[in-house]
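Keep the structure open as you read.

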Amino acid sequence: MAFAALVTFDRPQLLRDARIGMATTPKSLPPKYFYDERGSELFDEITRLPEYYPTRAERSLLQRCSREIIDETTPLTLIELGAGSADKTHYLLDAMIANSFTVTLPDVTYLPVDVSADFLERSAERLRLEYPQLRITPVIADFSAPFQLPAYPEPALHAFLGSTIGNFTPAAAATFLSGVRQRMARADYFLLGADLRKDVHVLERAYSDAQGITAQFNKNALHVMNAVLGADFNVDLFEHRAVYNHAEHRIEMHLVSKGAQTVMIPGVGNVSFADGEYMLTEVSYKYDRATIAELLTQGGLELLRWITDESELFALALARVRH
C-alpha cells in the first residue's frame, strides 16, 4: 500500500521533532504526524468503527443541540480547527443557514482548518456542492502552532470538536486555548468537544479495535518518517498498544518494538530499540466538567454551557471570552 508524502508538513520541523523524540525516555513522536492523506483516511475509518464511541456520541449531541447553539451564538462564520472530513459539521452549518438572521445574507462563511491539504480540499469540494450558499475557504495549517486566518465576517463560532483537545498535555492545552482566545473577537464563541472519564474497558476498546484500523493509523507515523525523512523503520517490527494511565486520566498509544533493532533516521542517526521498548505516539486525556472549566479559564475563556449525552460519554462545552 502506497502512503502519500507529507507535503504539507515542514520537513525541518519533523526532523527537529524526531531528534527530540528519539532522545527522550520513553521515545516519542507528536500525533500530528499520523495525518498525511492516508492517515486522515484511516482516522475517518476509525470514526465509523463500532468500538469508537466518541464520534457517534458527539454527532448525536450536535444533531440535538446545534440549532440552539447557533441561535444563542448567531455566528456569520464557523471556524473549525482540525476539520478533517467535516462529517459532523453539517449540523452546525444547517443551523446557520436555517437561522433567520443569516438566511438572507450572502456572506455566511465556513473556514475549515487542517494540515492535510488534499484531504481538506476534497472535503471542501464536497461541501461546496452541498452548500452552494456558503462561502467555504479551506485553511491549510497546523492548528497546534500559530497561523493566520483570512478575513471573515463577524461574529464567529470557533469549533474544536472530536475531543482533539485530549491530545495536548494540560499545560499545552491551556496554551492552545490561549491562542484560540487571541483570535477571537469579544462577540465570538468557542465550542469544544470533550471525551469524558468512564469505564477503562470502554476506553481501551475504543483505541484498539478488532479490525486493526487503529493499529494501521498508529503505524502510519512510521511510514511518514520513512517517506519524509528517508528513515528505514520496518513497520512490521512494531506493534500497536493502547493502555489507560489512571494517574493521568489518559489513554496512551504506543508502538512496541518486536525484538531488538536499530533504525537509521537521516539527520538523527542510528536509533536503537530494545525488545519490548515502546515509543509514545499519542495521549488522549479524558475530562470532567471541572477540568474543562479550569482549562478554559486558563485560556482566558469562561464556560457558559455544558451539554452531555444521557450516558455521559461525551460533552460539548460552549464558552466565550472572559469579560
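Start with two helices, α2 and α8, which are roughly antiparallel to each other. The model is predicted. The angle between α2 (residues 37-46) and α8 (residues 213-229) is about 155 degrees. The crossing of α2 past α8 is left-handed.

Which residues make the contact? From α2 come Arg-38, Gly-39, Leu-42, Phe-43, Glu-45 and Ile-46. From α8 come Ile-213, Thr-214, Gln-216, Phe-217 and Asn-220. Sorted by class, five residues in this contact are nonpolar, four are polar and two are charged.

Now move to helix α1 (residues 11-23), where Leu-14 sits. Is Leu-14 buried or exposed? Its relative accessible area is 1%. Buried means under 20%, so Leu-14 is buried. Leaving out residues up to four places away in sequence, Leu-14 touches Tyr-33, Val-224, Met-225, Val-228 and Leu-229. Tyr-33 is 19 residues from Leu-14 along the chain, and their C-alpha atoms are 8.2 Å apart.

Finish at helix α6 (residues 170-183). At 1.5 Å a residue, its 14 residues should span 20 Å. The end C-alpha atoms of α6 are 20 Å apart, which agrees. Buried residues of α6 are Ala-173, Ala-174, Phe-176, Leu-177, Gly-179 and Val-180. What do they pack against? Their partners are the elements β2 (77-81), β6 (156-160), β7 (189-195), α9 (289-298) and β13 (301-308).

Terms used
Residues numbered from 1 in each chain as written. Predicted model: local features only at pLDDT ≥ 70, side-chain atom pairs only at ≥ 80, totals over all residues. Heavy atoms only, no water. Axes fitted to C-alpha atoms, helices over the stretch in contact; angles between N-to-C directions. Helix = DSSP H or I, 4+ residues; strand = E, 2+ residues; numbered from the N terminus. Parallel < 35°, antiparallel > 145°, perpendicular 65-115°, else oblique. Left-handed = near helix turned anticlockwise from the far one by under 90°. Contact = heavy atoms within 4.5 Å. Nonpolar A, V, L, I, M, F, W, Y, C, P; charged D, E, K, R; others polar. Expected span 1.5 Å × (residues − 1). Buried < 20%, exposed > 50% of the residue type's maximum accessible area, 1.4 Å probe, protein only.
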